[in-house]
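I opened the file and kept notes as I went. The entries follow in the order of looking things up.

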Amino acid sequence: MKKDKQSNKKNEQDNKVENQKNVNVQEDVPKNTEEHERVLELEQIKKSLEEYKDKFLRIAAEYENYRKRSEKEKLLIYSNATSNTISAILPVIDSLDLALKSMKNAGEEYQKGLNLVNNQLLDSLNKLNVKSFGETGDNFNPDIHNAVSHIEDENNDKESFISEVFQKGYMVGDKVIRHAMVQVTN
């Protein structure tokens, strides 16, 4: 926008100088002569050229704005699609986490298989730039954590930390998909 204003100022100054030259040329050329008609025709062509040049610059600026806006929209659409997809998969991730926590009495092969599936899922989430948050001992952040209970611990001097996680939170980049449900101490 700033470049457009500077360009328009320069064009106006160039037009003033050109018009002054044309006035001087017109004064030198006698009226109703063939040469005078050529000068007038030349002036009209120059005006027309300036109009087309101005239109061209405006269209070029509009196109550049359109290109930038389209790029932002594409990134937003991708981010929203990723968020919606991960939101749909979160119940499966939660179920897998519960299965991993409760497999103390399960057979060794079953544990290996479940850990393998969990690792593959975590790798896939990392490739999509999805991060989990809300671990026990982390500092409480109301922007990304949802405190569902609060307890006081006189033995601990640490201020507002997570003592228990009921449900992990997930984010894509800086966008929170789901807030972590936690218990906060102090």
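**Entry 1: what H3 packs against.** I began with helix H3, whose buried residues pack against helix H2 (34-101), strand S1 (130-133) and strand S4 (169-172). I take contact as heavy atoms within 4.5 Å. Helices (H or I, at least four residues) and strands (E, at least two) are DSSP runs, numbered from the N terminus. Buried means under 20% relative accessible area, exposed over 50%, and partly exposed in between, with a 1.4 Å probe and protein chains only.

**Entry 2: provenance.** I note that this is a predicted model, in which local features need pLDDT of at least 70 and side-chain atom pairs count only at pLDDT 80 or more, while totals for chains, interfaces and linings use all residues. Residues are numbered from 1 along each chain as its sequence is written, and side-chain values use heavy atoms, with hydrogens and water left out.

**Entry 3: the faces of H3.** I listed the buried residues of H3 as Leu114, Asn118 and Leu125. Seen down the axis of H3, these buried residues fall within an arc of 35°, so they line one face of the helix. The arc is that of the directions from the helix axis to the C-beta atoms. On the face turned away from the buried side I found the exposed residues Glu108, Glu109, Leu116 and Lys127.

I then checked the length of H3. Its 20 residues (108-127) should span 28 Å at 1.5 Å a residue, and the end C-alpha atoms are 29 Å apart, which agrees. The expected span is 1.5 Å times one less than the number of residues.

Entry 4: I looked at Asn129, which is found in the loop between H3 and S1. Its phi is near 65°, a positive value in a residue other than glycine. Most residues other than glycine have a negative phi. With a relative accessible area of 39%, Asn129 is partly exposed.

**Entry 5: the whole chain.** I counted three helices and six strands in the protein chain. Along the sequence they follow the pattern α-α-α-β-β-β-β-β-β. Of the 186 residues, 22% count as buried. The chain exposes about 14300 Å², of which carbon and sulfur atoms supply 52%. That area comes from the Shrake-Rupley method with a 1.4 Å probe; for residues, only the protein chains shown count as cover. Among contacts between residues at least 6 apart in sequence, 61% join residues at least 24 apart.

**Entry 6: H2.** I checked the span of helix H2: it has 68 residues and reaches 98 Å from its first C-alpha to its last, close to the 100 Å expected at 1.5 Å a residue. Where is the kink in H2? I found it at Ile89, shortly before the proline Pro91, at about 40°. The bend at a residue is the angle between axes fitted to the seven residues ending there and the seven starting there.

**Entry 7: aromatic rings.** I searched the whole structure and found one aromatic pair. Tyr63 and Tyr66 form this pair, which is tilted, at 6.5 Å centre to centre and 40° between the planes. Rings of Phe, Tyr and Trp (its six-membered ring) pair if their centres lie within 6.5 Å; planes under 30 degrees apart count as stacked, over 60 as edge-to-face and the rest as tilted. Both tyrosines, Tyr63 and Tyr66, lie in helix H2, three residues apart, about one turn of the helix. An α-helix has 3.6 residues a turn, so residues three or four places apart point the same way. Tyr66 counts as partly exposed at 48% relative accessibility.

**Entry 8: Asp94 and Arg178.** I looked up Asp94 in helix H2 and found it buried, with a relative accessible area of 17%. Leaving aside neighbours within four places in sequence, Asp94 is in contact with Gln167 and Arg178. Arg178 lies in strand S5 (residues 175-178) and counts as buried at 14% relative accessibility. Not counting residues up to four places away in sequence, Arg178 touches Leu90, Asp94, Phe133, Gln167, Lys168, Gly169 and Tyr170. Arg178 and Ser132 are 46 residues apart in sequence and 9.4 Å apart in space, C-alpha to C-alpha.

**Entry 9: Ala147.** At 40% relative accessibility, Ala147 counts as partly exposed. Ala147 touches Phe140, Val182 and Val184, not counting residues up to four places away in sequence.
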